[in-house]
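Colleague: Can we go through this model together? I have a few quick questions.

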Amino acid sequence: MLRLLTITFALFLVGLVALANAGRVPAIFGIVAHLPGGDATGHFLLIGAMAFLLNASLPVLRRPVGRFRLPRGSLILALVVTVEELSQLWLPARSFSWADLLGNYLGILILGGLGAFFFRERPRAGEMGARSP
């Protein structure tokens with residue numbers, strides 16, 4: 001069920017990006033964009049929710065990045081949102097924003113981190129470190 005929700009939310013975001021690229025953003029997002037910090041906050045919430053769902057539905061495999069070990073879902077999403085935000089430099093209906101990119105990254109870090117924490121894989125009975133009942 002969680003994977004279905006993750007796929008559905010991902011398709012919603014893809015549709016939203018497609019509408020924005022065509023210059024046809026739903027009116028509610030135009031209103032949010034006019035609030036102070038509204039656009040970046042929207043990025044934080046939408047991309048953060050996607051990171052939460054990805055890390056909750058994928059096995060939480062951590063990959064080393066410098067001194068840190070980050071969840072695979074967060075790394076994949078960070079790459080996708082970076083490419084998507086940079087692509088706006090060449091799209092007439094869109095505009096690149098460092099604030100939006102930062103909102104994306106903070107959502108991935110905070111909400112995605114919560115998803116990885118709450119849904120991390122636990123050792124099975126009989127594996128090293130597992131407790132017997």
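Colleague: Leaving aside neighbours within four places in sequence, what is His43 in contact with?
Modeller: His43 is in contact with Gly48, Glu85, Asp100, Gly103 and Asn104, where contact means heavy atoms within 4.5 Å. This is a predicted model, where local features need pLDDT of at least 70, side-chain atom pairs count only at pLDDT 80 or more, and totals for chains, interfaces and linings use all residues. Residues are numbered from 1 along each chain as its sequence is written, and side-chain values use heavy atoms, with hydrogens and water left out.

Colleague: Is His43 buried or exposed?
Modeller: His43 counts as buried because its relative accessibility is 17%; buried means under 20% relative accessible area (1.4 Å probe, protein chains only).

Colleague: And which helix holds His43?
Modeller: His43 sits in α3, residues 38–57; helices are DSSP runs of H or I, at least four residues, numbered from the N terminus.

Colleague: Switching to Thr6, what does Thr6 touch beyond four places in sequence?
Modeller: Met50, Leu53, Leu54 and Ser57. Thr6 belongs to helix α1, residues 2–21, and counts as buried because its relative accessibility is 6%.

Colleague: New topic: which residues line the second largest pocket?
Modeller: Leu70, Pro71, Ser74, Leu75, Ala78, Tyr105, Ile108, Leu109 and Gly113. A pocket is an open set of points on a 1 Å grid over the protein atoms alone where a 1.4 Å probe fits, with protein on both sides within 12 Å along at least five of seven lines; lining residues have an atom within 4 Å of a point.

Colleague: Which element gives the largest share of that lining?
Modeller: α5, with 4 residues.

Technical notes:
Helix = DSSP H or I, 4+ residues; strand = E, 2+ residues; numbered from the N terminus. Buried < 20%, exposed > 50% of the residue type's maximum accessible area, 1.4 Å probe, protein only.
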